[in-house]
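Thank you all for coming this morning. Before I say anything, please take a moment to look over the sequence and the structure on the screen, and then we will walk through them together.

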Amino acid sequence: MVQQLTTDTILGRLSESIPVIASQSPTPHRLYIEVPKDRVKEACRILFEDLQGRYTITVGTDRRPVNGKFEVLHFFSFDRDNIRMAVRVFLDPDDLTLESITPVIPGAGWAEREIQDLVGIRVIGHPDPRPLALPDGFPEGLYPLRKDYPYNYQPPLDEGKTFPFKEPPPDATVVTVGPFFPVLEEPSQWRLFVDGEIVVGCDYRGFYNHRAIEKLGDSVLTYNQIVFLAERICGICGCVHSTSYCQAVEEAAGIEVPLRARVIRSLILELERVHSHLLWLGLACHIVGFDYGFMQSWRIREPVMWLAEYLTGSRKHFSINLVGGVRRDIVPDQFDRILSVADDVDRQTNELVKAIQDDTALIARLKGVGIFTPEEVRLSGAVGPTARGSGVAIDARRDHPYAAYDLLQFEVVTHDGCDTLARTLVRIGEIFESLKMIRQCVNLLKDIPVGDLLGEIPEEIPPLKDGMHAVEAPRGEVFHYVLTGYENRPYRWRVRAPSYQNIQSVPMMFKEGTYLADVPITLGSVDPCFSCTERMEVVDQGRSQSYTLEEKDLLRLSRSKYRALKATERK
Amino acid sequence: MIASKIRQILIGKRAGSVTLKYPFEPRPSEPGYRGRVTVDTDKCVGCGGCADVCPARCILITDVSPFIRIIRRYLDRCIHCGRCEEVCAYDALHLDGEYELATTDRKDLFIEQKLFMGTCNRCGRCYIPPTPLDRLMVVGFRKDEDLDGETI
């Protein structure tokens, strides 16, 4: 029996070896501790290794206008005990350096590179301190997330500067995929180091489409305007961002959300999960060349979109949330249609899954591809179906209940396969769980009297209060941190989408002997957004030639493998 | 493998063709759809509440003189969240079911509204007089001036 952790025991364990300067626990599920600058790495090591906490994100804040210092927060989550905590450290503007925690926690790599780029805090001892978020040639000494940087200032770029890519291992050929990536929706560039057909290493360059959303949030928009901006962070699972943001503000300001609004939030979130997983299933089939699955699962998905339009007024950007509650009620007249769509989707998905699960060629394409072990899940901080496909049962809905999930009965679907097939099965299982929850939400709504949908909001939200909240998005846990500020807007707003951690885990999935043709589906198994590639470039270093591979060539490569497998089946 | 393929064919057969005939057949939106923004300029009192909440900042207000307030709505930038409809105290803004808003001219999605306002004797800022009769008695007159023609 492992000892149950509380905020007090965590604090006690840390105080044994580290002089904790200040600690604060606004609720039994939240803990903020301040440690001296030179002990941050040690504190994070204790939380990560000794107490088995899950690393969430690192946030850097320019607090100079308030107390003359910079602040860095390392967030950890204790999923079994429903505790989220932050290790806080204040830095003097004259000495903006901080010891890196990435050697201990590999999943912190990107977050630390980001504070280096955007806030200008130099991270010492980082294994890969290259720039991450800023464009190539961004002037030195300018840090966009500092408070003295105007939100609309665009400095001239030094055109001559290029990104310091990794050197490939000797004898390896570089295959550049991107900057418009065939699998992920974001523009991202992967340089795959291949030896023949086998991938021997990779390098990533992303953030081509960094939109400065966080800067807009803490310098231009107001609390209730950010809700709609947050929703537009993602084109597929927008509602999770707005819900997560609203909950973070509600936590910071102490706003109580009415029960009916909470149930409606849960219902809409589950509806979103159903459509997102069906979309992913279709695209995964498409990527491996099984277009039948793509057509059929998108056909099943369409009524879910129409239902969303009927309930919220829009197919995709539901705009249902506001700080304090929701904007639209779900009335009894709408219950029948919700239930009938849920039944239809349930029946049809079941039929489809039964039909394709014996398709041995399809299964062979997924099985054993992109192996991701539970230990790697922990190191990289991966979340969602990516983690649950490796048997790591973390789910914010169960572990840190929000909205109405404490009233709903559901199972956390996990699978021990650790491969792409396991991640597929987890997502399929979650479709059925979500449909179950949608029915439960309708039953709950029948019993809850119609009333206010927005909680009581104080005249002015108190400044400099912390709020953090996470929502289980279709891809994993979406984490939002809000530090409330002045003039009706947050002082700092940090968004951590699940893909932020999951994409970092992809290099771990390219195990020895991964075939180039398996790369699209391995990446696809992590993040369900596949966008169109315009072109990609293959550089054959040995012969110093380069030729381009169009989207269709890459797909052909991926699909011919499926056909070859099918041919062997027939023999 | 063969059984699986047969089952797949049966599902496809049963579903048939599901492609809609749109745009050759109309496809009305669901009730409550947040589509085109329409403004009832008779009801609008120029309070600026919509400009205050608009997340995309597509509603902008300029007071060109103590008597004239201009509200410009750049609806090509609209994200159809419907906040303006929600906060309008005079029921002047509505989002209707129209969604075919694609155009080659941004001006098609631009609404400019000039409001004749009263002036507060104490602060000098614009306000709308409560009744149409009061509006006639407000000091001043409807100006016929070029209002800095730049609109889009």
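Predicted model: local features only at pLDDT ≥ 70, side-chain atom pairs only at ≥ 80, totals over all residues.

Of the 152 residues in chain B, 16% are buried, where buried means that 20 or more other C-beta atoms lie within 10 Å of a residue's own, exposed means 12 or fewer, and partly exposed is in between, with C-beta atoms placed from the backbone. Residues are numbered from 1 along each chain as its sequence is written, and chains are lettered from A and ligands numbered from 1 in the order in which they are written.

Staying with chain B, its secondary structure comes to four helices and seven strands, which are DSSP runs numbered from the N terminus, H or I with at least four residues for helices and E with at least two for strands. Along the sequence these elements follow the pattern α-β-α-β-β-α-β-β-β-β-α. If we count the contacts in chain B with a separation of 6 or more, 69% of them are between residues 24 or more positions apart, a contact being two residues whose C-beta atoms, placed from the backbone, lie within 7 Å.

How many residues of α1(B) are buried? This helix, residues 2-15, is hardly covered, and the count among its 14 residues is one. From first C-alpha to last, α1(B) reaches 20 Å, close to the 20 Å expected at 1.5 Å a residue, the expected span being 1.5 Å times one less than the number of residues. Just after α1(B) comes B:Gly16, with a positive phi of about 65°.

Let us move to the sheet in chain B, an open one of three strands in the order β2-β3-β5 with antiparallel pairing, where two strands pair if DSSP finds at least two bridges between them. Because β2 (59-65) and β5 (110-116) of chain B each have a single partner strand, they stand at the edges, and one side of each is left without a neighbour in the sheet. Between β2(B) and β3(B), residues 68-74, there are six bridges, and B:Asp63 has B:Arg69 in β3(B) as its bridge partner. Eleven residues away from B:Asp63 in sequence, and 15 Å away in space from C-alpha to C-alpha, is B:Asp52, which lies in helix α2(B), residues 49-53. B:Asp52 is partly exposed because 15 other C-beta atoms lie within 10 Å.

With β5(A), residues 83-91, strand β2(A) pairs in the parallel sense over five bridges, and here A:Leu31 stands opposite A:Met85.

Finally, where do the two chains meet? The contact takes 22 residues from chain A and 20 residues from chain B. On the chain A side, the elements giving two or more residues are α6 (223-231), α9 (291-312) and α10 (332-356), and the largest share, five residues, comes from α9(A).
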